Amino acid sequence: MHASKAPLALAALCAILLCLPMRVEAQDDELPLDKISLPSGFGISVYARVPKARSLALGKAGTVFVGTREDAVYAVSDHDGDHKADTVFTIGQGLTQPNGVAYRDGALYVAEIGRVLRYDDIETRLEDPPSPVVVNDTFPKDEWHGWKYIAFSPDGWLYVPVGAPCNVCERPDPYASIMRMRPDGSGLEVYARGIRNTVGFDFHPQTGEPWFTGNGRDWAGDTKPPDTLNRAAEPGLHYGFPTCMAHEIPKQPGAKGKCAKFEPPKLEIPAHSAPLGMKFYTGQMFPAQYRGQVFMAEHGSWNRTEPVGYRVTMAKLNGNDVVDYAVFASGWLEADGSKWGRPVDVLVMPDGALLVSDDHAGAIYRIAFQGTALARKK
């Protein structure tokens, strides 16, 4: 059997064996939300409990789709509109780290390590998901940095990253890049290069330009190289990896003079913070100073002497320049260095609330401004 068809065959076998799509009532397990610190006027609640919840995408009818680095993709529905999920559906199982999810024209796109699938008319079939269609299965199958974040640009391209299959190494295209293709899988091309690994990007609400988070290399110390927030104003830009890290830090001393030719980041983030999902805040619920700004989920360090990250931060923009960087939500990291949660992605809801996924706690949180339907859960 051809390797790319194996998971589909597994899904067919699962159906024969009555492994029907799971429909479970949303759980209300208590989490220590009183530990979360937010700006004055904001509150946080549990929107849903979803195992290993990572990337988030919003359907036209309000369904929240959830990718994971396990083998399943979920859909979350809030039937009664009380800002708390009622049902969690399993859309696909037996997949290979289906981290990336995106929605367009009634279909859910799911990115595994080596391919992108499409589930048509998905919001009308949450109880009985259709068999997926293979959109493109030509991506590398390396597991190291192989899980993907995907999103559609305003002009209809599906952006798909291909991480470097290493900590630091030189590899040809398409490694260490962001690619893009048409919704039918055609026209696949490299859009940006020199990107060690990105697991989050969004498109500027006015210009449509891609902005993305970048994760720096490991084992170079606690404080460098920094992680980054980047702008891709045009196709063909190179962000330096592996020759230079965060533009100005050479891999080797002799490479210093070469760094100037690479695109610099818009923001340097403390090393090992692991910024993943990011979104421009396009809602109206939050006060004016938050509108149009970039919210980022920092997943947190795993190999730093003193842990950092485990929070949601905000980059304040003035045009295309980042003029401030501040913590928006924190408290998942304990004083003793342990953690009870790890933010992964953020999603702006139609009412302006901000959802935050957490693969460690298996939760999706809803952050809202006080005076709206939900405040801090006691």
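## Basis of the model

The structure is a predicted model, in which local features need pLDDT of at least 70 and side-chain atom pairs count only at pLDDT 80 or more, while totals for chains, interfaces and linings use all residues. Residues are numbered from 1 along each chain as its sequence is written, and side-chain values use heavy atoms, with hydrogens and water left out.

## The chain as a whole

The chain contains one helix and 27 strands. Helices (H or I, at least four residues) and strands (E, at least two) are DSSP runs, numbered from the N terminus. Of the 378 residues in the chain, 58% are buried. Buried means under 20% relative accessible area, exposed means over 50%, and partly exposed lies in between (1.4 Å probe, protein chains only).

The accessible surface of the chain is about 15600 Å², and carbon and sulfur atoms supply 51% of that surface. Accessible areas come from the Shrake-Rupley method with a 1.4 Å probe; for residues, only the protein chains shown count as cover. Among the contacts in the chain with a separation of 6 or more, 55% are between residues 24 or more positions apart. A contact means heavy atoms within 4.5 Å.

## A sheet of four strands

Four strands form an open sheet in the order β11-β12-β13-β14, with antiparallel pairing. Its edge strands are β11 (151-152) and β14 (189-193), each of which pairs on one side only. Two strands pair if DSSP finds at least two bridges between them. Strand β11 and strand β12 (residues 158-162) are joined in the antiparallel sense over two bridges, and F152 stands opposite L158 in β12.

## Salt bridges

Side chains of opposite charge can pair when their charged atoms come close. The structure holds 14 salt bridges. A salt bridge is a side-chain nitrogen of Lys or Arg within 4 Å of a carboxyl oxygen of Asp or Glu. One of them joins E189 and R180, whose closest N and O atoms are 2.6 Å apart. E189 is partly exposed, with a relative accessible area of 30%, whereas R180 is buried at 12%.

Another salt bridge joins R231 and E209 (2.7 Å, N to O). This pair links distant parts of the chain, with R231 in strand β17 and E209 in the loop between β15 (201-203) and β16, 22 residues apart. R311 and E298 also form a salt bridge, with the closest N and O atoms 2.9 Å apart. Here R311 belongs to strand β23 (residues 311-318) and E298 to strand β22 (residues 294-298). Both partners are buried: R311 has a relative accessible area of 18%, and E298 has 0%.

## Two charged residues in buried positions

D86 lies in the loop between β5 (73-77) and β6 (87-92). This residue is buried yet has no salt bridge, and the nearest side chain of opposite charge, K84, is 8.6 Å away. For charge, Lys and Arg count as positive and Asp and Glu as negative; His and the chain ends are not counted. The side chain of D86 does reach the backbone nitrogen of H79 at 2.5 Å.

K279 is found in strand β21 (residues 275-280) and is buried, with a relative accessible area of 11%. Its side chain makes a polar contact with the side chain of Y149 (2.6 Å). A polar contact is a pair of N or O atoms within 3.5 Å; within protein, one must be able to donate a hydrogen and the other to accept it, and residues adjacent in sequence count only if both atoms are side-chain atoms. K279 and D202 are 77 residues apart in sequence, but their C-alpha atoms are 5.6 Å apart in space.

## Backbone features in the loops

Most residues other than glycine have a negative phi, and most peptide bonds are trans. A cis peptide bond joins D173 and P174, with omega about 10°; P174 is in the loop between β12 and β13 (177-181). The bond from F241 to P242 is also cis, with omega near 0°, and P242 is in the loop between β17 and β18 (244-245).

H272 has a positive phi of about 75° although it is not a glycine. This residue lies in the loop between β20 (267-269) and β21 and is buried, with a relative accessible area of 7%. A274 lies in the loop between β20 and β21, and its phi is positive at about 60°.
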